[in-house]
Structure formats: structure tokens, C-alpha cells
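User: Can you walk me through this model? I'll ask as I go.

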Amino acid sequence: MNDFASTPELVLLPAVDVADGKAVRLTQGEAGTETSYGDPVDAAADFARQGAQWIHLVDLDAAFGRGSNANVMRKVIKQVKGVQVELSGGIRDDRSLEAALESGASRINLGTAALENPEWAADVINRYGEAIAVGLDVRGTTLAARGWTRDGGDLWTVLERLEDAGCSRYVVTDVTKDGTLRGPNIELLRELTQRTPKPIVASGGVSSLDDIAALRDLVPLGVEGAIVGKALYAGQFTLAEALDVAGR
């Protein structure tokens, strides 16, 4: 326990994914697999009460290109003042990026735009620095784009380009694990830490407190945090319990 106690903290980001104004979870990121968990403002407020430092907030309708929950996003951010918010979903140009930044989010997570419009993404990374993270959503080593509906290229090729652009942080999701409660892809995360010195936020598959402990073991290698979603909504553990294992 002494070694574990000396391991640096793993930052946990409970996820609030929003579709049609409701908090939902998907299975492997597929539209049509939504399970609804009620009001996203209430979900975020509950996470804040349990001690969340960060919330990972996703507009799924914007990510899938089928609408926007911008008003709900702003309500959530306003409700959890004092908690930092990482905002994701459908941010693909200056207009949507500026709206996201003006919403009060601390960090913006670019997805499809970083794959399909690399010049714009590089410019944004240069302008906003630490306020921009890039989401790398993968099946094997192939990236997924457009709400995980299209091939986005080779992970290692894109990572090299983003490194050259000066990207400050990566949010890495194993799409095949997301929403499945089958455990995180530790091997992929280890390989990524060997290929970039930048901090990594892990996403997808966390199902137990043991998974959180395993991710915390990767903190010295460069895994800074972990997004936790379905396990919290399904009652596998509470955020307070997870934060205790993560080192809070």
C-alpha cells in the first residue's frame, strides 16, 4: 500500500453525454444504443457534490451532426461553477469553437476536425494551447471520426502530425470498449505514453475500482486522467469511492 499511496493522483472526469436534452450513455459509441439517465444538469450537480474536479461534457447530437444541445451545455457549466469542464462534440470551426470557449468550459476537446481539417486544428492548437485537447478515438489503431461513423486514418500517423503541431493533451478512447464495462485498453495506453510526452486522458471501458487502480499505476508514465461514464450510471461504484482510489 505504501507504493500505491505514493503514486500521483489520477484525475477522474465523470462523463455527462447529452442527446435530445437528456443525459445518456451509448454502447461502443453507436447512435441508437442510448440509455437515458435523466437531466444532465442534475447528473453534473451530483458529480460536483461528490467531489469532481472535472466533468467531461459531450454534445452527442452535435457530434453526430444531427442537432445541438448548446443551451443545455451552458446550463450544466453554470450549475457546476468551481468544477472544470472539458467540452466535446461538433466543434469543427471558429464559430463553434468560440461558442464553446464562451460557454465557460475550461478545455475544448477537438475530435473530427483534428482529423479532417489538420491546418485549422494546428492553428487552433497554436492559438489556444492548453485550452485545446484532441480526442483520439480508435478501433485497433484506426481512428474513428464523425461520431465514430467514419474512418479517420491511422492513429500513429495522426499522432505524429499532432505532435508536430504542438498539441498539449490527448483524450484517448478505445471505441470497442466504450460503454461496455469490459475494462480499459491498458496496452494501447502504455504504447501511447511511449510515443508522446504529452499527458493522456483515458476513456472507455472502466468498470470497477480495480480498473481505476490500474489506470492510476500508469500516471507516472503519462496517463493524467480517466473519463468514467457507464460504471457510475450503472451503480458499479460511486464517484466518491472512485476518487478515493484515484488518490484524492
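Analyst: Starting inside: leaving out residues up to four places away in sequence, Ile212 touches Leu10, Leu12, Val206, Phe237, Ala242, Val245 and Ala246. Contact here means heavy atoms within 4.5 Å.

User: What are the ground rules for the numbers?

Analyst: This is a predicted model, in which local features need pLDDT of at least 70 and side-chain atom pairs count only at pLDDT 80 or more, while totals for chains, interfaces and linings use all residues. Residues are numbered from 1 along each chain as its sequence is written, and side-chain values use heavy atoms, with hydrogens and water left out.

User: Which residues have the most contacts inside the largest nonpolar core?

Analyst: Leu10, Leu12, Leu57, Ile108, Leu136, Ile212 and Leu215, in a core of 69 residues. A nonpolar core is a set of buried Ala, Val, Leu, Ile, Met, Phe, Trp, Tyr and Cys residues joined through side-chain atoms within 4.5 Å. Buried is under 20% relative accessible area, exposed is over 50%, and partly exposed is in between (1.4 Å probe, protein chains only). A second, separate core has seven residues, including Leu13, Ala15, Trp54 and Ala133.

User: Now H2. Which of its residues are buried?

Analyst: Helix H2 covers residues 40–49, and its buried residues are Pro40, Val41, Ala43, Ala44, Ala45 and Phe47. Helices (H or I, at least four residues) and strands (E, at least two) are DSSP runs, numbered from the N terminus.

User: What covers them?

Analyst: Among the elements covering the buried residues of H2 are strands E1 (11–19), E2 (22–25) and E4 (54–59), along with helices H4 (70–79), H11 (230–233) and H12 (239–246).

User: And the ends of H2?

Analyst: At the N-terminal end, Asp39 is the cap, with a side-chain oxygen 2.8 Å from the backbone nitrogen of Val41. Just after H2 comes Gly51, with a positive phi of about 110°.

User: Switching topic: where does Asp174 sit, and is it buried or exposed?

Analyst: Asp174 is in strand E10 (residues 170–174). Asp174 counts as buried because its relative accessibility is 7%.

User: What does Asp174 touch?

Analyst: Not counting residues up to four places away in sequence, Asp174 touches Val138, Asn185, Ser203 and Gly204. Its side chain also makes a polar contact, at 2.5 Å, with the side chain of Thr176. A polar contact is a pair of N or O atoms within 3.5 Å; within protein, one must be able to donate a hydrogen and the other to accept it, and residues adjacent in sequence count only if both atoms are side-chain atoms.

User: How far is Asp174 from Pro197?

Analyst: Their C-alpha atoms are separated by 20 Å, and the two residues are 23 residues apart along the chain.

User: Why does Thr196 count as buried?

Analyst: Because its relative accessibility is 4%. Thr196 is in the loop between helix H9 (186–195) and strand E11 (200–203). A polar atom of the Thr196 side chain lies 3.0 Å from the backbone nitrogen of Lys198. Beyond four places in sequence, Thr196 touches Glu163 and Tyr170.

User: Last one, Ser88. Where is it, and what is it in contact with?

Analyst: Ser88 is in strand E5. Leaving aside neighbours within four places in sequence, Ser88 is in contact with His56, Leu57, Val58, Asp59 and Asn109. Ser88 is buried, at 13% relative accessible area.
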